[in-house]
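My notes follow, in the order I looked things up.

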Amino acid sequence: MTELNSRIPAGPIEKKWDQHRFDMKLVNPANKRKYDVIVVGAGLAGASAAATMAELGYNVSCFVFHDSPRRAHSIAAQGGINAAKNYQNDGDSVYRLFYDTVKGGDFRAREANVYRLAQVSVNIIDQCVAQGVPFAREYGGLLANRSFGGAQVSRTFYARGQTGQQLLIGAYQALERQIALGKVKMHTHSEMLELVVADGRARGIVVRNLLTGAVTAHAADAVVLATGGYGNVFFLSTNAMYSNVTASWRAHKKGAAFANPCYTQIHPTCIPVSGEHQSKLTLMSESLRNDGRVWVPKKQGDTRPPSQIPESERDYYLERKYPSFGNLAPRDIASRAAKEACDDGRGVGPGGLGVYLDFADSIKRLGKKTISERYGNLFDMYQRITDENPYEVPMRIYPAVHYTMGGLWVDYNLMSNVPGLHVIGEANFSDHGANRLGASALMQGLADGYFVLPYTIGNYLAGVKPEKVDVNTHPAFTDAVRAVKQQGETLLGIKGKRTVDSFHKELGKIMWDKCGMARTREGLEEALQRIPALREEFWRNVNVPGSGASLNQSLEKAGRVADFIELGELMCRDALHREESCGGHFRVEYQDDGEAQRNDDDFAYVAAWEWAGNGQAQRLLKEPLVYENVKMATRSYK
Amino acid sequence: MRLTLHVWRQSGPSTPGKLETYPIDGVDADMSFLEMFDMLNEQLTLEGKEPVAFAHDCREGICGSCNMMISGQAHGPWKGATTCQLHMRAFKDGDEIWVEPWRAKAFPMVKDLVVDRSAFDRIIQAGGYISVNTGGARDANEILIGKEVVDESMDAAACIGCGACVAACPNASASLFTGAKITHLGLLPQGQPERDRRALAMVEQMDLEGFGHCTLTGECQEACPKEISIDVIKRMNRDYAVAAARYVEPKETAGAG
C-alpha cells in the first residue's frame with residue numbers, strides 16, 4: 001500500500017522554508033536547459049510557473065485547451081489577493097495571515113504549507129507591481145487595501161472588481177515574453193487526456209488537439225498540473241463552462257491520490273438561479289460585504305417589497321449571530337446562515353431562494369459616487385443579469401458552488417505521490433483545509449507558481465538524469481495514445497438518446513441535493529446508489545454527434561462529464577466517511593445548534609483516496625494533521 | 001418568445017459557409033444569448049444534426065472567448081456587454097436575428113462561429129510586457145503611482161482580448177487592442193524603460209498580422225465590451241511617432257563583460 005510522506009521539513013515553523021530552500025538540491029544553470037518540463041494549464045498557477053521556470057532556464061512546454069493562455073478561469077476572480085504587508089498598520093503580520101488561514105480552514109490544512117504561503121504573499125505583490133499590474137492606489141500613490149471575510153485586518157490588494165484578470169494578464173505577459181524568447185513552447189487547443197507514467201515516474205502526457213482531433217504524446221522530465229478546480233461537477237457553479245476535472249482525474253487513475261474531495265466551497269454571494277435554462281451562476285464579489293448588509297424579513301413568507309419592510313421587521317442575521325465579524329463572516333458560515341434563513345421560510349425572491357444584500361446604508365453614509373467607484377462594474381453586471389438596479393433595490397443573492405479545496409494530494413514540495421508529477425494552484429489540496437478564505441485563491445496560485453514550485457522542482461530534477469524518451473516506441477506512451485483514441489471512438493459510437501448536458505444536469509442535481517451545503521448519511525448513501533446507475537446509463541445511452549476529426553465540442557464535453565460522474569461518486573464516499581462537520585463539509589448529524597461540530601480525535605487527517613481500478617471503491621490513505629503552532633479550537637466568529 | 005435565427009455554418013476553414021435558418025421557441029427573457037444557443041444546440045443534437053460551434057467559457061464577460069456578430073453588431077445591441085452578458089430581454093417575440101463570426105483577414109475561420117485570434121497573442125509577444133524576471137522586485141510601495149494615473153492605466157488594462165474592435169472596424173484594424181496595451185504599460189513608471197521599443201514592436205507586429213490601418217472611424221470603442229476609449233489609439237500613435245524618431249537599437253557589444 002502507498003505511504004504518504006508529507007516531507008515537512010523539521011525545525012521551527014518560521015525557519016522551515018528558508019532552511020528547506022538551503023537543503024534542497026540545485027540544478028546548475030548550464031544543466032537546466034537539458035531538462036524538459038510540461039505544464040498543463042496557464043491560469044495564475046500555470047502561467048506563473050511556466051514563465052518562472054523558463055526564466056530559470058528549463059525547457060518548458062505549456063498546454064492549454066483554450067485558444068489563448070489569457071482565457072483561463074483565474075481571470076474571473078473579482079475581489080482581490082491577500083498579502084501580509086501590513087501597509088495599513090492595523091496589526092497584520094505573516095503569523096496573523098497564517099493563523100487566519102489555518103483557522104479559516106477549520107484546522108484541516110497543513111500548517112507548514114500555510115505558513116510558507118503567508119511568507120511569500122508579500123513577494124507576490126512586489127512581483128505583480130513590477131510587472132505593471134495596476135492595483136488600486138491612494139491619492140498619495142501608495143497601494144490601497146480592502147477587507148475580506150474571515151479577517152479583522154485590511155490586507156486585500158485589488159484592481160477594481162477585476163483583480164484576477166489583472167494578475168492573470170501579468171502572468172500571461174510574462175509567459176508570452178518567454179514564448180517570444182523561445183523558452184516556452186505553447187500548445188493551445190490541447191486538452192490533456194492522459195498522464196504517462198513510465199518506470200515509476202511521470203514522464204509525459206497525451207493530448208487531443210481540439211481543432212484537428214489529432215492525439216499526440218509529449219515527453220518530459222517532470223509534469224506539472226495546474227488545471228484548476230472541479231466545481232462544475234455540480235453542473236451549476238461559478239466556474240467557467242470549460243473548467244473540469246479531467247486532467248486531475250486521469251492522473252488519479254494513473255496513481256495520484258485525490259485528497260479531501262468533499263471539501264467544497266459554497267460562496268454566499270451569487271446571483272440566484274432564474275430558471276431551468278441556467279448554464280452557470282454569477283458570483284458577486286465577497287468585497288461587497290464590506291459595504292452591503294445581509295438581511296431577510298423577520299416574518300416567514302413576507303412578500304412585501306424590501307422598501308416597505310421597516311427596520312424593526314428585518315433580521316440582519318449575520319450581524320446578529322456573529323457580532324464581531326458581522327457581514328464579513330467566512331464564506332462557509334455565511335452560506336449556511338443564508339440557507340438556514342431560506343429553509344426557515346424567510347427567503348426572498350422567486351422560490352424563496354435568496355437573501356438581500358443591501359447598500360442603502362452605505363450609499364447614505366458614503367454617497368453613490370464612492371459606492372460606484374468601489375463596485376460599479378459589479379453593480380452593472382448584476383443589473384444586466386437581473387434587470388434590477390442595486391443602487392435602488394437591494395441585491396438578491398444566494399449561495400453557489402465556487403471553489404474546491406480538495407484536489408490531488410501533494411507533499412511540501414508540491415509533488416504528488418507519483419514521482420515527477422507536481423500539482424499547483426486549485427488543482428492541489430494543500431493550503432485551504434476545509435474552507436478557503438476570500439482573496440486567498442489568487443495568493444495560493446501565484447505563490448505556488450512564482451515562488452514555490454520553481455525551487456522545489458529543481459530538487460526533484462537534480463535527482464534524475466535528463467533522459468530523452470521516444471514517445472513513438474515506448475509502450476507507456478503508445479498504450480496511453482491508444483487508450484485516448486479508444487475512448488473517443490467509444491463515445492462517438494454509442495449513439496444513444498440523451499445529450500451530454502442532460503447527464504451533466506442530472507449529476508449536478510444529485511450532487512447539489514445530496515453533497516451540497518448540508519449532507520446526511522441517508523442522502524449520501526442514496527447518491528452512492530444513483531451515481532453508479534447514472535454512469536452505467538451514460539456509457540450506454542449518451543448521444544455524441546459529429547466526428548472526432550475536427551472541432552467537436554460535444555465530444556470534448558462528453559469526456560469531461562464521464563470523469564465528473566466518477567468524481568461525484570468519490571466526493572460522496574469521502575463526505576460519507578467523514579463523520580464530522582468542518583468548514584465547507586457540513587454533516588447535518590454533527591452540529592451544535594447550526595455550527596459545525598468537528599471531531600479532532602477521529603478526523604484530524606487528510607483523506608487521500610487511491611484509485612483501485614474501474615468500478616472499485618478507492619482505498620483510503622491518511623495523512624495525520626499535526627498542529628504544533630496553532631491550538632486547535634472551535635472556530636468562533638461571534 | 002419565438003425567434004428566427006440565421007446562423008453562419010461552415011464546417012472548416014477551406015469549405016464554403018452559409019447562413020442556415022433555425023426557428024426556436026420557448027425562449028425566456030431571463031436567458032442569456034448563449035443560453036439561447038445552448039437550447040438551440042440541445043435541439044439540434046436531438047434532431048440528429050451537428051450543434052453550432054461557438055467560443056465561450058466564463059459567461060460573465062471577462063474571459064474574452066465569446067464573439068458573435070449579432071445582426072451586424074459585435075456582441076449585439078447592448079453597449080458595454082459581451083455576447084454572454086447580452087440577455088434575451090433585448091429582443092422581442094417574432095424577431096429575426098442574424099448571427100455571424102468575427103470577419104477579418106487576421107482572424108482566420110476555424111468552424112461555424114469560431115475564428116482564430118492567435119494574432120493577438122503574437123502582438124503581445126512582440127512587446128506587450130515589462131521585462132522583469134520573478135524575484136528581485138523591490139517593495140511594491142517604493143513605486144509611487146498617483147491614483148489618477150493608475151486609474152487611467154486600469155481603464156486600458158481592462159481589455160479582454162475578444163476582438164470586437166477588429167470585427168466592428170471597417171478596416172479590421174487592431175489599433176484599439178494594441179493601443180490599450182501600449183497605454184496600460186506606457187502610463188506606469190515601471191513601463192518606461194521599454195516604452196519606445198514596445199510601441200515600435202507591437203505596431204510592427206500588428207501590421208505583419210494583416211490587420212488594417214486605423215482611420216479613426218470610432219466603431220471599435222462603440223463595440224468594445226469594456227468601453228475602452230479611442231484615446232488609447234491617440235497614445236499609441238504618439239508613442240510610435242516619438243519612438244520612431246528617437247529609438248536606437250541597443251549596440252550588440254553593449255553590456256558584455
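**Domains of chain B.** I started with the spacing: the centres of domain 1 of chain B and domain 2 of chain B, taken over C-alpha atoms, are 28 Å apart. Domain 1 covers 3–110 and domain 2 covers 118–132 + 142–246; such bounds come from an automatic or database domain assignment. Where the two touch, 17 residues come from domain 1 of chain B and 16 residues from domain 2 of chain B. I count a contact when the C-beta atoms of two residues, placed from the backbone, lie within 7 Å. On the domain 1 side I find nine nonpolar, six polar and two charged residues. For these classes, Ala, Val, Leu, Ile, Met, Phe, Trp, Tyr, Cys and Pro are nonpolar, Asp, Glu, Lys and Arg are charged, and the others, Gly among them, are polar.

**Ground rules.** I note that this is a predicted model, where local features need pLDDT of at least 70, side-chain atom pairs count only at pLDDT 80 or more, and totals for chains, interfaces and linings use all residues. Residues are numbered from 1 along each chain as its sequence is written, while chains are lettered from A and ligands numbered from 1 in the order in which they are written.

**Chain B overall.** I get eight helices and seven strands in chain B; helices (H or I, at least four residues) and strands (E, at least two) are DSSP runs, numbered from the N terminus. Its C-alpha atoms fill a box of roughly 70 × 40 × 35 Å along the principal axes. Of the 257 residues in chain B, 51% are buried. Buried means 20 or more other C-beta atoms within 10 Å of the residue's own, exposed means 12 or fewer, and partly exposed is in between, with C-beta atoms placed from the backbone. Taking contacts in chain B between residues at least 6 apart in sequence, 71% join residues at least 24 apart.

**Strands in chain B.** I followed β5 (residues 96–100) of chain B: it runs parallel to β1 (residues 3–9) of chain B, joined by four bridges. Strands pair if DSSP finds at least two bridges between them. B:Thr4 sits opposite B:Glu96 in β5(B). β3 (residues 69–70) of chain B also pairs with β5(B), antiparallel, over two bridges, and here B:Met69 has B:Glu100 as its bridge partner.

**Where B meets A.** How many residues of chain B are in contact with chain A? I find 64 from chain B against 61 from chain A. α1(B) gives the most to the chain B side, with seven residues. By class, that side has 27 nonpolar, 21 polar and 16 charged residues.

**Core.** The largest nonpolar core has 289 residues, and A:Val37, A:Ala50, A:Val224, A:Leu408 and B:Cys165 have the most contacts inside it. A nonpolar core is a set of buried Ala, Val, Leu, Ile, Met, Phe, Trp, Tyr and Cys residues joined through C-beta atoms within 7 Å. I checked A:Ala50: beyond four places in sequence, the residues it touches include A:Val39, A:Val60, A:Cys62 and A:Leu175.

**An open sheet in chain A.** Four strands line up as β16-β10-β22-β23 (chain A), with antiparallel pairing. β16 (407–408) and β23 (619–624) of chain A are at the edges with a single partner strand each, so one side of each has no neighbour in the sheet. β10 (residues 258–259) of chain A is joined to β16(A) by two bridges, and A:Ala259 has A:Gly407 as its partner in β16(A).

**A:His402.** I placed A:His402 in β15 (residues 395–404) of chain A. Is A:His402 buried or exposed? A:His402 counts as buried because it has 25 C-beta neighbours inside 10 Å. A:Thr282 is 120 residues from A:His402 in sequence, yet 9.5 Å away in space, C-alpha to C-alpha.

**β12 of chain A.** Four of the five residues of β12 (residues 293–297) of chain A are buried, so the strand is largely enclosed by the rest of the structure. β12(A) pairs antiparallel with β14 (residues 355–358) of chain A over three bridges, and A:Arg293 stands opposite A:Asp358 in β14(A). I also see two bridges from β12(A) to β13 (residues 314–315) of chain A, again antiparallel.
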